Amino acid sequence: MRIAVAVKQVPDTAEVRIDPERGTLIREGVPSILNPFDEYALEEAFRWRDELGGTVVVITMGPPWAESVLREAVAMGADEALLISDRAFAGADTWATSHTLAAAVTKLGDVDLVITGKQAIDGDTAQTGPSIAASLDWPQITFVGKVRSIEDGHILAERYVEGGIEVVRSSLPAVVTILKDANTPRLPSLRGKMKARKLEIPTWGIDDLGLDPAETGLDGSPTRVVTISTPETSSDGEMHRGTPEELAAVLADLLLGEEES
Amino acid sequence: MASIEVRKDTCVGCGACVPACPYGVISMEDGLAIISDECYLCGACESSCSFGAIIIRQDKSEKVDISEYSGIMVLAEQRDRVVDHSTLELLGEARRLADSCGQEVLAALLTSDCGDWPARLVEHGADRVLVTSAAELTHFRTEPFTQIVSRMIEEMRPAVVLAAATTTGRDLMPRIAKNLNTGLTADCTELVIDGESGNLMQTRPAFGGNIMATIVCADTRPQMATVRPRVMKALEPDPARAGEVVEFPAAHGELDSRTEILEFLPLEEGEVDITESDIIVSGGRGVKDSTNFALLEELAGLLDASVGASRASVDAGWIPYPHQVGQTGKTVNPKTYIACGISGAIQHRVGMQSSDRIIAINKDETAPIFEFCHEGFIGDLFEILPLVIKEIKKRRS
Ligand SMILES: Cc1cc2nc3c(=O)[nH]c(=O)nc-3n(C[C@H](O)[C@H](O)[C@H](O)COP(=O)(O)OP(=O)(O)OC[C@H]3O[C@@H](n4cnc5c(N)ncnc54)[C@H](O)[C@@H]3O)c2cc1C
Ligand SMILES: Nc1ncnc2c1ncn2[C@@H]1O[C@H](COP(=O)(O)O)[C@@H](O)[C@H]1O
């Protein structure tokens, strides 16, 4: 069993603050972190490797310094790591990102399962996983809250959808996107940290993947961001003070407003 | 290869691009914007520059003839032969967009038995409804839906394709967009057709809701978007509206799938999907323990609401994870969100800030929630909530 986990380095959006005077984002000192959702993807891969044997290879596409999230994943338990990095990959939207990651999975060759996080906290699209599946022409199971079994060349998983749980079985190889419900990620181990420090991480660029620059990075991206603005915040909220009785009366008015009128 | 350049002769050193960069890689040196190699080519700075001094060059080899594409297509979502409300919202939005540029609205309905839904989709704004019926289409399944909808798009050539940003839409649309080599914008909250270019301006929250990004797909068609449920408005059904229903039978092999659904386990009685509620009563660390959640449940019961929670109360084990709202929980946008004893940390805020009305009860006047709520109550929730419950009961009796 060889499981590939795609992880992304993201700015820690939790650390982003809004400059109240200028209404812009303050990004100074915002650290880059491993996308929180991807920790669950990694943990799910480790669990099944530990049970079935095999290896977990962690992959990221990003700038050279994205290597740090790979080392973090290795410290948690990944066996191998692969950095997909090239100037030609910059500006990629989910189409170009998934196209490039799929080419890497194809080049790796013997991957049975690709796991991604549900979404990345910078773009928040949740599109990369299913797009990788489309590129590879593999089946997919998205929004997986629980993997029930992996056996006989099939994966059985629970998709958490609106109104309930769908129990889905898919042939392997397949792509799965993982929700936070699936597991509790392990912490880096001492042995893992040692390994992470020493591991040689190969970098594959556009030539290694045999891709055309027209299908990668910004050139290969059908979508483009044209403007970015800060959302309006309603600082003009109504504030209520008073005794609990007074406040309760006002609140009841608000809650029953439509009912009573 | 794509590149970014600051034109030295045009840059006036105003610095407007510095805060516009979401990655913080632009600095000012000697009155000139300097963009470091860490640039992701996201394009935010280019649009922030009033002087046209920042230029991103893109090499686009083959161009698609976008003039061949027209019309707005809505993918209907159904479970057990009942079409989801989000579809009606999308039809309302599609109608508005189509009327703004004189195009038609198409709806695609894949189901085992369409019942009277085609006519109802017309009443809600569709001009033509494409219907594919087959027993295999009772439930959404990625591969058959991808294949059939992809062929519909290739034959009908709509300029825009919309689906709801539900687990179905977000599973299906990326697959279609990748196959058709076109762009897809996730979870949009605002759509406008630009009169000049005819491009769809797709606006959506990103960076955990910290920014709104407007995205276009200028060179390929269709322009695909998933749209956040409950944001767009459905039209009042108009029985007088005329429309056409077109059978679109599945072709050989299109119903094949490598995945199968073994069973569907509906939420149990009492369990609710909080994303589908009009009112959410949500509790945070201020609720103090699990038994106190009964207070929130009682209020929720009176209001036909569901109960939400911050991560702090989920982590404390007071309420299970499916109730968590926020960055690592659910994104909700009910008509009314009542935050009780929640401080309003950014990770919580991003999951609920698009609610129509946010009511906050908190005893700390400086809690961040008061900076963005619509109605703030400064006080102790243990004093206020029982009185509100009493008051509601009294007024109703
Ligand atoms: C990667 C990451 C992801 C996260 N994801 C989420 C997420 O999805 N959802 C989420 O909610 N959080 C998330 N968090 C955590 C988030 O940062 C906050 O810690 C959390 O939202 C705080 O919850 P709270 O408001 O209930 O608690 P607190 O911040 O402790 O606030 C409690 C509030 O209750 C008030 N209070 C206390 N007693 C009373 C009383 N008797 N009456 C009235 N008011 C009272 C207090 O004044 C205070 O403002 C995440 C954090 C990280 C790092
Ligand atoms: N550049 C990338 N490199 C590796 N994996 C990625 C990258 N971008 C996205 N992913 C994976 O795809 C998931 C969804 O990301 P997104 O579609 O950007 O919301 C993430 O949780 C990652 O697992």
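This is a predicted model: local features need pLDDT of at least 70, side-chain atom pairs count only at pLDDT 80 or more; totals for chains, interfaces and linings use all residues.
Residues are numbered from 1 along each chain as its sequence is written, chains are lettered from A and ligands numbered from 1 in the order in which they are written, and side-chain values use heavy atoms, with hydrogens and water left out.

Because A:Arg71 and A:Glu67 stand four residues apart in helix 2 (residues 67-76) of chain A, about one helical turn separates them; helices (H or I, at least four residues) and strands (E, at least two) are DSSP runs, numbered from the N terminus. A:Arg71 is partly exposed at 24% relative accessibility, and A:Glu67 is also partly exposed, at 23%, where buried means under 20% relative accessible area, exposed over 50%, and partly exposed in between (1.4 Å probe, protein chains only). Side chains of opposite charge can pair when their charged atoms come close.

Over all chains, the count comes to 36 salt bridges. One of them joins the side chains of A:Arg2 and A:Asp110, with 2.6 Å from N to O. A:Arg2 belongs to strand 1 (residues 2-6) of chain A and A:Asp110 to the loop between helix 3 and strand 8 of chain A, so this pair ties together parts that are 108 residues apart in sequence. A:Arg2 is buried, with a relative accessible area of 12%, whereas A:Asp110 is partly exposed at 46%.

In chain B, the side chains of B:Glu298 and B:Lys393 meet in a salt bridge of 2.8 Å, N to O. This pair links distant parts of the chain, since B:Glu298 lies in helix 7 (residues 293-303) of chain B and B:Lys393 in helix 11 of chain B, 95 residues apart. Both partners are partly exposed, B:Glu298 with a relative accessible area of 35% and B:Lys393 with 42%. In chain A, salt bridges that share partners join A:Glu43, A:Arg49, A:Asp50, A:Asp79 and A:Arg186 into one network.

A further arginine, A:Arg224, is found in strand 14 (residues 224-229) of chain A and is buried, with a relative accessible area of 18%. When its neighbours within four places in sequence are left aside, A:Arg224 is in contact (heavy atoms within 4.5 Å) with A:Leu218 and with residues of chain B, namely B:Glu46, B:Ile56, B:Gln58, B:Thr214, B:Ile215 and B:Val216.

The shell around ligand 2 has 18 residues, of which A:Ala6, A:Asp38, A:Ala120, A:Thr125 and A:Thr128 come nearest; a residue is near a molecule or strand if one of its heavy atoms lies within 4 Å of it. Strand 6 (55-61), helix 3 (94-108) and strand 8 (113-117) of chain A each supply at least two residues of this shell, and strand 6 gives the most, with three residues. The shell around ligand 2 divides into seven nonpolar, nine polar and two charged residues, where Ala, Val, Leu, Ile, Met, Phe, Trp, Tyr, Cys and Pro count as nonpolar, Asp, Glu, Lys and Arg as charged, and the others, Gly among them, as polar. A nitrogen atom of ligand 2 is 3.2 Å from a polar backbone atom of A:Val7, while an oxygen atom of the ligand is 3.2 Å from an N or O atom in the side chain of A:Asn35, and an oxygen atom is 3.1 Å from a polar backbone atom of A:Gln127. Taken alone, ligand 2 exposes 480 Å², of which the protein buries 97%; accessible areas come from the Shrake-Rupley method with a 1.4 Å probe, and for residues only the protein chains shown count as cover.

Around ligand 1 there are 27 residues, and those that come nearest are B:Arg285, B:Ser310, B:Thr328, B:Ser343 and B:Gln347. Helix 8 (311-315), helix 9 (346-349) and helix 11 (381-396) of chain B each supply at least two residues of this shell, which divides into seven nonpolar, 14 polar and six charged residues. A polar side-chain atom of B:Asn362 lies 2.7 Å from an oxygen atom of ligand 1, and an oxygen atom of the ligand is 2.8 Å from a polar backbone atom of B:Arg311. The protein covers 80% of the 990 Å² of accessible area that ligand 1 has on its own.

Definitions and conventions:
A polar contact is a pair of N or O atoms within 3.5 Å; within protein, one must be able to donate a hydrogen and the other to accept it, and residues adjacent in sequence count only if both atoms are side-chain atoms. A salt bridge is a side-chain nitrogen of Lys or Arg within 4 Å of a carboxyl oxygen of Asp or Glu.
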